[in-house]
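Have a look at the structure, then read on.

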Amino acid sequence: MQQSDYQSLVRIGRNLISERNITKLCELILDEAQQLCGADGGTLYLINKQPPTHLHFAIVHNNSLNIRLVSNPNESVFPPIPLFEDNGDINQHHVAAFTAHAKTLINIEDAYDNTQFDFSGAKQFDAANNYRTQSVLAIPLLNESNQILGLLQLINAQNPDTGEIIPFSEDVEPLIMSLATFAASAIENRTISDSQKALLIELAATEDTEEIIERILDEAINLTHSEGGTLYLTQSDDSGETSKLKFEIIKNDILDIKMGGKHGVPIPFPPLELFEEDGSENNHIVAAYSANSKQIVNIDDVYHSDEFDFSGARKFDEQTNYRTQSVLTFPLLNHQQEVIGVLQLINARLPETNKKVPFSDRYIPLLKGLALYAAIALNNQILVQDLKNLLDAFVKTIAKAIDAKSPHTSGHCQRVPLLMELMAEAACKDSEQYKDFNLTEEEWYELRVSAWMHDCGKLATPDSVLEKSTKLHKMRDGIELIEARFNCLKHKLEIDYLQACIQNPKDANAFKQEFDNQLTDLATDLEFVRTSNKGGEFMSDESKEKINQIAKRQWPDINGNMQPMLNEEEIYNLCIERGTLTAEERQIINNHMTVTIDMLEGLPFPKQLKRVPEYAGGHHEKMNGTGFPRGLTRDQMSIPARMMAIADIFEALTAKDRPYKDPMKISLSLNIMHRMVDDEHIDPDLYELFVKSRVWEKYAKRVLSPDQIDVDDITPYLLNKAS
């Protein structure tokens, strides 16, 4: 070749390497090939996959006919050329297919005089376009591994002076083969780069960490033609420092091994320690060294390497009759240059012969690109998971803090999420009323967060109200003060009795009888006050009147002045009909829903959690619109919000930690909820689902005491008894 030829090749090589668009690259290759060989036209074919089965038309040029056709990914200019016959034999009739198999240049002086190949397609084209295909030059595009990547087919070399069609000169063959080498390298690099970019887009859109890990390993194995590989992720110790490499996925095609990942068997191997017991770096294990040094390690044959300890690999080889040879190990670094994992590949192979060979250095920059893309996607997912874990921990901490404010409702915020999950599962499985109800993974998470946060507004509720376990409870139970008054009255009665006996001894027996009756009445009244103080589901008018009568009793204070047994505030509290809260205190409690909604709506929840305030804030609404805080009706509430109300009520009814009532049995709880349906308090369809799917039973077996479970036949609790 002349000096000008070398200069042309250098120029062509630069142009090809710098072109980033695969379509423009193909056009550039064909244009340069035509110009180099003086061809009137030509075609560039690309393979469809590895190993290839077809040659696809990418670019078709013809200067005389002014043709410049470009195929797109979805539609080819012409049908692809099969590399094999229907019976599996090699296609030797088409010159392009033959060249692809032979992997050698084919130079034909006149297609019409050639009997080796079938040029009927070219002749049909000629007839349709008043053209004459004559000289043909077919050049395979081969990569360093001698794999076919595509093919150049040039037609009709022209005399530069006369324009006459002539055979392709043998002198031009070395030049066009050099160009083909540049072209193959450029196509391979661009294809791999585009593939990796597409992979990055896919990985970035994937929320499954295990899927990301598997895709990374598969891509690396395919790229390097490896027999297998391992992907490790870093693992931190209790102090948060990275200290180990945990096996995440192991693959080996030869041994048919797949461990870890979504569908592999569990990995039995312990993590690799990154540090020795004395705190020094573990540089004996190649994966640990790669992580510690952040360096790529390429070993041609582990059996001839004394730099690292490969005793584990040798032991594995003995057990499996395998031979570990070449090993390529490289770290996965995030944007902060922190190691988040290590990828290790074993036994590169020649695609043509499957012979084990060292890993070519040409893979290094490609793997660096893959490692960068992979680390970005993996790190993003790790960060998302870390933030999700942080949110989970924060949400559960808030729930525990709410429960901790009052031991009398301890566990409520932790049990409601369980009920919500059981109800949602029942709705998802229902094929009738809720056949269209389903939850994605994101919607499940949204539901759980809502359930955990449904009472977060109680953080703003005063302890004196939230902790009011009895009707008279303030900072401490006011029953003690009343008991002291009764005791004072008892002492006065004793004194009056003794004085009467001293003054009139003969009437002592009568005084004793009267005194005993007074003590009995006193004890009875005190016990009634104590019972009333505990609260309950209902207090009758007779009981209220009894409290008012007891209030009229008088007791002597420290000065001897007689005072009413109960003051107005105590009477008011003891006459509370349900529970232990007055109307004013209940309003304070009810205000926690407004605070809950305000708190949650004030948080910048991402799009997938945008319904948390609505779900969490609706559990005290009623189906008829008389609930609080917003007075929503059934039609204005989502299904999960309506579920939250049932979960909240059932937990409260059956809870074992309420001081004002005994743990309620299932039968009574379902009866009360049945009445709530009649009162348009809770959703009838969800209540029916709750009963029919036996959500109550699944919850009870996990949370309640065995003696609370007293229902077997659900018929009495259904809305339609005939169901």
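The points below go through some strands, a few helices and the cysteines.

1. Ground rules. This is a predicted model, where local features need pLDDT of at least 70 and side-chain atom pairs count only at pLDDT 80 or more, while totals for chains, interfaces and linings use all residues. Residues are numbered from 1 along each chain as its sequence is written, and side-chain values use heavy atoms, with hydrogens and water left out.

2. Start with strand S10 (residues 242-252), which pairs with strand S9 (residues 226-236) in the antiparallel sense over nine bridges. Strands here are DSSP runs of E with at least two residues, helices are runs of H or I with at least four, and both are numbered from the N terminus. Two strands pair if DSSP finds at least two bridges between them. Within this pairing, threonine 234 has leucine 245 of S10 as its bridge partner.

3. Leucine 245 also has a bridge partner in strand S12 (residues 272-273), namely leucine 272. S10 and S12 run antiparallel and are joined by two bridges.

4. Now the helices. Two packed helices are described by the angle between their axes and the distance between the axes. For H10 (residues 412-429) and H19 (residues 639-654), the axes come within 9 Å and cross at roughly 130°. That makes H10 oblique to H19, because angles under 35 degrees count as roughly parallel, over 145 as roughly antiparallel, 65 to 115 as roughly perpendicular and the rest as oblique. The axes are lines fitted to C-alpha atoms over the stretch in contact, with angles from 0 to 180 degrees between N-to-C directions. Residues of H10 that meet H19 include Val416, Met420 and Ala427, and on the H19 side Met643, Ala647 and Phe650 are among them.

5. H10 has another neighbour in helix H22 (residues 695-703): their axes come within 10 Å and cross at roughly 145°. Here the H10 residues include Leu418, Leu422 and Ala426, meeting H22 residues that include Val695, Tyr699 and Val703. Arg415, Leu419 and Met423 are among the H10 residues that meet H19 and also among those that meet H22.

6. Valine 286 lies in helix H7 (residues 286-293). Is it buried or exposed? Valine 286 is buried, with a relative accessible area of 5% (buried means under 20%, exposed over 50%, partly exposed in between, using a 1.4 Å probe and protein chains only). Leaving aside neighbours within four places in sequence, its contacts (heavy atoms within 4.5 Å) include Ile299, Phe310 and Gln344.

7. Last, the cysteines. Cysteine 413 is buried at 1% relative accessible area, whereas cysteine 428 is partly exposed at 25%. The whole structure has zero disulfides (pairs of cysteine sulfur atoms within 2.5 Å).
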